Amino acid sequence: MARIVGVWTSPARKSGRSDAHERRQAIPGRGLEGCAHANPPKREVLFVSKEHLDSVGVDPGAIRENLTVEGDDVQQWPIGQRVRAGEAVFEITMVCDPCHRMDELRDGLRAELDGKRGMLARIVESGEITVGDTVELL
């Protein structure tokens with residue numbers, strides 16, 4: 001069963017920083033509480049598979065995802081798929097293509113992350129998400 005192994009926010013746009021949290025509130029139209037990267041309506045939260053991070057040798061949180069998922073390939077979630085993580089419900093809105101900022105972390109990382117950067121989502125129902133919560137496709 002898939003579960004949340006990381007909850008992350010960025011304190012400011014272009015900060016290059018991801019702060020780890022044990023729990024965060026998901027707020028429709030705003031993203032995760034305290035995250036400056038939310039860009040409603042389609043880019044409120046970024047889900048990334050831990051297995052994809054492992055395959056390119058980067059730590060969870062490094063590519064500025066919001067929710068790190070272990071045990072499922074989020075890239076296989078179709079657009080429109082609803083997902084429950086903790087108390088919150090999300091709708092997958094689009095693929096997140098790797099941007100030039102990935103090469104700032106490591107030269108060539110943008111290309112390595114092609115097809116592995118994750119899926120963006122909007123928040124459909126607010127709720128708390130905690131490290132260890134299960135992830136369920138609805």
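**Close-up 1. Trp77 in the predicted model.** Trp77 has a relative accessible area of 3% in this predicted model. Burial is set at under 20%, so Trp77 counts as buried. Its place is in the loop between E6 and E7.

**Close-up 2. The ring pair Phe47–Trp77.** A pair of aromatic rings is described by the distance of the centres and the angle of the planes. For Phe47 and Trp77 the centres are 5.4 Å apart. Their planes stand at 70°, so this pair is edge-to-face. Phe47 is buried, at 0% relative accessibility.

**Close-up 3. The ring pair Phe47–Phe90.** Here the ring centres lie 5.1 Å apart. The planes meet at 90°, so the pair is edge-to-face. Phe47 comes from strand E5 and Phe90 from strand E8. The two residues are 43 residues apart, and the pair links distant parts of the chain. Both Phe47 and Phe90 are buried.

**Close-up 4. The aromatic cluster.** Phe47, Trp77 and Phe90 make up one aromatic cluster. The count of aromatic pairs comes to two.

**Close-up 5. The largest nonpolar core.** This core holds 22 residues. Phe47, Leu67, Phe90 and Ile129 touch the most other members. Several strands each give two or more residues to the core: E1 (3-9), E5 (45-49), E6 (67-70), E7 (82-85), E8 (88-95) and E9 (119-125).

**Close-up 6. Contacts of Leu67.** Neighbours within four places in sequence are left aside here. Leu67 is in contact with Ile4, Gly6, Val7 and Leu32, among others. Its contacts also include Val45, Leu46, Phe47 and Val48. Phe90 and Ile129 are contacts of Leu67 too.

**Close-up 7. Arg117, a buried charge.** Arg117 is placed in the loop between helix H3 (109-112) and E9. Arg117 is buried yet has no salt bridge. The nearest side chain of opposite charge is Glu65, 6.6 Å away. The cut-off for a salt bridge is 4 Å.

**Close-up 8. What surrounds Arg117.** Residues up to four places away in sequence are not counted. Arg117 touches Leu46, Phe47 and Val48, among others. Ile63, Gln75 and Met102 are also among the residues it touches. Further contacts of Arg117 are Cys96, Asp97, Pro98 and Cys99.

Definitions and conventions: Residues are numbered from 1 along each chain as its sequence is written. This is a predicted model: local features need pLDDT of at least 70, side-chain atom pairs count only at pLDDT 80 or more; totals for chains, interfaces and linings use all residues. Side-chain values use heavy atoms; hydrogens and water are left out. A nonpolar core is a set of buried Ala, Val, Leu, Ile, Met, Phe, Trp, Tyr and Cys residues joined through side-chain atoms within 4.5 Å. Buried means under 20% relative accessible area, exposed over 50%, partly exposed in between (1.4 Å probe, protein chains only). Helices (H or I, at least four residues) and strands (E, at least two) are DSSP runs, numbered from the N terminus. Contact means heavy atoms within 4.5 Å. Rings of Phe, Tyr and Trp (its six-membered ring) pair if their centres lie within 6.5 Å; planes under 30 degrees apart count as stacked, over 60 as edge-to-face and the rest as tilted. Lys and Arg count as positive and Asp and Glu as negative; His and the chain ends are not counted.
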